[in-house]
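Me: I would like a close look at one helix and its surroundings in this model. Please keep it brisk and give the cut-offs as you go.

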Amino acid sequence: MSEEVMPVSEQLSPLELLEKLWKALKDHYPMMEYAGAVGDEWFEEFKRRIEPIRDLDQALPIMEELVKRLNDYHTRLEWEGKPLRLTPPIALDLVEGEIVVVDREADASVGRGDVVLEVDGRRAIELFQEAMRTAFGATKWAKIRDACRRMIEGEEGSQVRLKLSGPSKGEYEVVLRRTGFRREPEPALSGREIDGDIGYIRVARWGDFKAEDFDKLLERFWDRPYLIIDVRDNGGGSDHLAEEVVGRFIDRRVICSISFMRRPGTNLYEKAVALAEPRGEKYEGRVAVLINEGCCSACEHFVSGMREAGAILVGRPTSGACGWQRRIELAEGIVLFCSMTFPLHGKIPSPLNGIPPHRFVSPAIEDIRSGRDVWLEEAMRVLREGVVDPDIGVI
């Protein structure tokens, strides 16, 4: 959901734009205090930094720092000419205290599980620690992902020299071009059978398929006692589609989210409750849902609904943010996208927390090198053995 706000046509000085940005956030953001902005301390801090600056191009990245401090992926600052910063075609993570290649494009010339020792001659772990001080994200894991990206990103097309260590090459160096990292394309919806007794359904995004498509896939596993739904790194899409899928796993209405929409310029809120309704015959087997810090927006809506439906969540916490979005034009070519609602997903507010798993899972370096999917393995284990959990009882 979005709402247009009339643009300001005149060109502003950096300080005038900061004042408009701060007012827009204070008038529209659902809960500034919850994010840590009590009073005008943040504004005064950034005002001191921006006062000496006359060039708007220099001031805008500093203002972006202010917006990012909310750690809310639905709230961001965009402007014409904003520099595009890309990583080389690899993805990193913090694993066992090391910076590790967890994924890469086929021609990236590095191995999965290789440890990054240096980036352009600097110790990788020191660069990571620096990036973590201002990393963006609601949870520890989201911040780690952001810091791992920022420590190797730069101007599009530029080069970065990495020193790595791996079991096959020992210590080695590569020079990679910053062209961005693109995972292998995958369908929005797919599935397969595991070991004859477990159905596996992968939902890569909440779009590009219909509820009926999910139903047909579910029918393939209808007589299987166990089902795993994998929504890792699902960035969202349609809340309604997510609710429809939840509907196949319930025989009563369940709450997917409760949202409090702030009336702009006031401290008044309107409550909206989003429910999943039973839809068709209920799947009666045990269900696990694989989650991580890449689960955002409508995907958190789904995860919350499945948790209420009795599924066990396996992995790492979801990303966590406020909800919906309003577009606010601060000046010509300068736009603030601002969250509109403060949501509850379960008993703990998901902004700045994410939705925690029932079973936390994170891989070791050797798991990455061998290609083991420890999320999937843990889900298979708890489904087959059954677990006792204080929230959901025995599954």
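What covers the buried residues of H7?

Reply: The cover of the buried residues of H7 includes helix H6 (211-220), E14, E15 and H8. Helices (H or I, at least four residues) and strands (E, at least two) are DSSP runs, numbered from the N terminus. Contact means heavy atoms within 4.5 Å.

First, the ground rules. This is a predicted model, where local features need pLDDT of at least 70, side-chain atom pairs count only at pLDDT 80 or more, and totals for chains, interfaces and linings use all residues. Residues are numbered from 1 along each chain as its sequence is written, and side-chain values use heavy atoms, with hydrogens and water left out. pLDDT is the predictor's confidence in each residue, from 0 to 100. The chain averages 94, and 95% of the residues score at least 70. Residues 1-9 stay under 50, although the model gives them 22 contacts beyond four places in sequence. Where pLDDT is low, the predicted coordinates should not be read in detail.

Now the helix. The buried residues of H7 are Leu241, Ala242, Glu243, Val245 and Val246. Buried means under 20% relative accessible area, exposed over 50%, and partly exposed in between (1.4 Å probe, protein chains only). Serine 238 caps the N-terminal end of H7, with a side-chain oxygen 3.3 Å from the backbone nitrogen of histidine 240. The cut-off for such a polar contact is a pair of N or O atoms within 3.5 Å; within protein, one must be able to donate a hydrogen and the other to accept it, and residues adjacent in sequence count only if both atoms are side-chain atoms.

The loop between strand E13 (226-230) and H7 holds aspartate 233. Its phi is near 60°, a positive value in a residue other than glycine. Most residues other than glycine have a negative phi. Aspartate 233 is partly exposed, because its relative accessible area is 28%.

H7 also lines a pocket. The second largest pocket holds about 360 Å³ of space. Of its 24 lining residues, the closest to its centre are His74, Asp239, Ser297, Gly323 and Trp324. Helix H7 (239-246), strand E14 (254-262), E15, helix H8 (298-309) and strand E20 (341-344) each give two or more residues to the lining. By class, the lining has 10 nonpolar, 11 polar and three charged residues. Ala, Val, Leu, Ile, Met, Phe, Trp, Tyr, Cys and Pro count as nonpolar, Asp, Glu, Lys and Arg as charged, and the others, Gly among them, as polar. On a 1 Å grid over the protein atoms alone, a pocket is an open set of points with protein on both sides within 12 Å along at least five of seven lines; lining residues have an atom within 4 Å of a point. Grid points are joined across faces, edges and corners, and a volume is the space filled by probe spheres set on the points.

One more residue belongs with E15. Tyrosine 283 sits in the loop between strand E15 (269-276) and strand E16 (286-291). Tyrosine 283 is buried, because its relative accessible area is 2%. Beyond four places in sequence, its contacts include Leu218, Phe221, Trp222 and Arg248. A polar atom of its side chain lies 2.8 Å from the backbone oxygen of arginine 224.

Terms used: On a 1 Å grid over the protein atoms alone, a cavity is a set of points where a 1.4 Å probe fits but cannot get out, and a pocket is an open set with protein on both sides within 12 Å along at least five of seven lines; lining residues have an atom within 4 Å of a point.
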